[in-house]
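Dear colleague,

I am handing over the structure below, and after it you will find what came out of looking through it. Please read the notes with the structure open beside you.

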Amino acid sequence: MPTSTTTDALARAGGFTLAAGAVFVAAGATAWTVVTRQLRAEKIEVPGNAPAFAGKPVQGPATAYVEALVIKGNAERGAGGRTFADISAALREVAPGSDEAAELRKQSMSLSTAASLRTALMTSVLAYGVSALVTGLGAFFVVTGSVLRRAGR
């Protein structure tokens, strides 16, 4: 039979775990909400050439990921399938002030802008994942804390 100090310790540990879990759930839910609000404020709509969610607003992890994929594909097509490395190599081989150099710099700028947009969208996808993880851990702590508190009574 457990002693009084053991049951008191279980109850205290359960209370602490329960409180920590509640904080985790609140923090995770808040992060999810903040990211969603920021994405909605941008008023981004998934374009028609997307593999899924065409015409839907970007306001969650799935739509943000699909939008990043579309941006990548569009940028690659716009650069004629060239990468930054390809464009840099081509720039070294053309006359600096030529029309071809201007076109290559334009493609490079387009790829750079696309990379920046994709990075922002993928950061939001990552933020959603972390907030879901924190919320899930918080829920686990709430359940574990409740069990420990009951065991300590």
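Glycine 129 is partly exposed, because its relative accessible area is 40%, and partly exposed is the class between buried, under 20% relative accessible area, and exposed, over 50% (1.4 Å probe, protein chains only). This is a predicted model, in which local features need pLDDT of at least 70 and side-chain atom pairs count only at pLDDT 80 or more, while totals for chains, interfaces and linings use all residues. Residues are numbered from 1 along each chain as its sequence is written, and side-chain values use heavy atoms, with hydrogens and water left out.

Glycine 129 sits in helix α4, residues 99–151, where a helix is a DSSP run of H or I with at least four residues, numbered from the N terminus, and a strand is a run of E with at least two. Between glycine 129 and glycine 28 there are 9.7 Å in space, C-alpha to C-alpha, although they are 101 residues apart in sequence.

Leucine 137 also belongs to helix α4, and it counts as partly exposed because its relative accessibility is 35%.

From the UniProt record, an unreviewed entry, come two stretches listed as "transmembrane region", residues 12–35 and 125–148; such annotations may be inferred rather than shown by experiment, and the positions follow the numbering used here, with feature names shortened. Residues 12–35 are 100% helix and 0% strand, with end C-alpha atoms 35 Å apart, and for residues 125–148 the model likewise gives 100% helix, 0% strand and 35 Å between the end C-alpha atoms.
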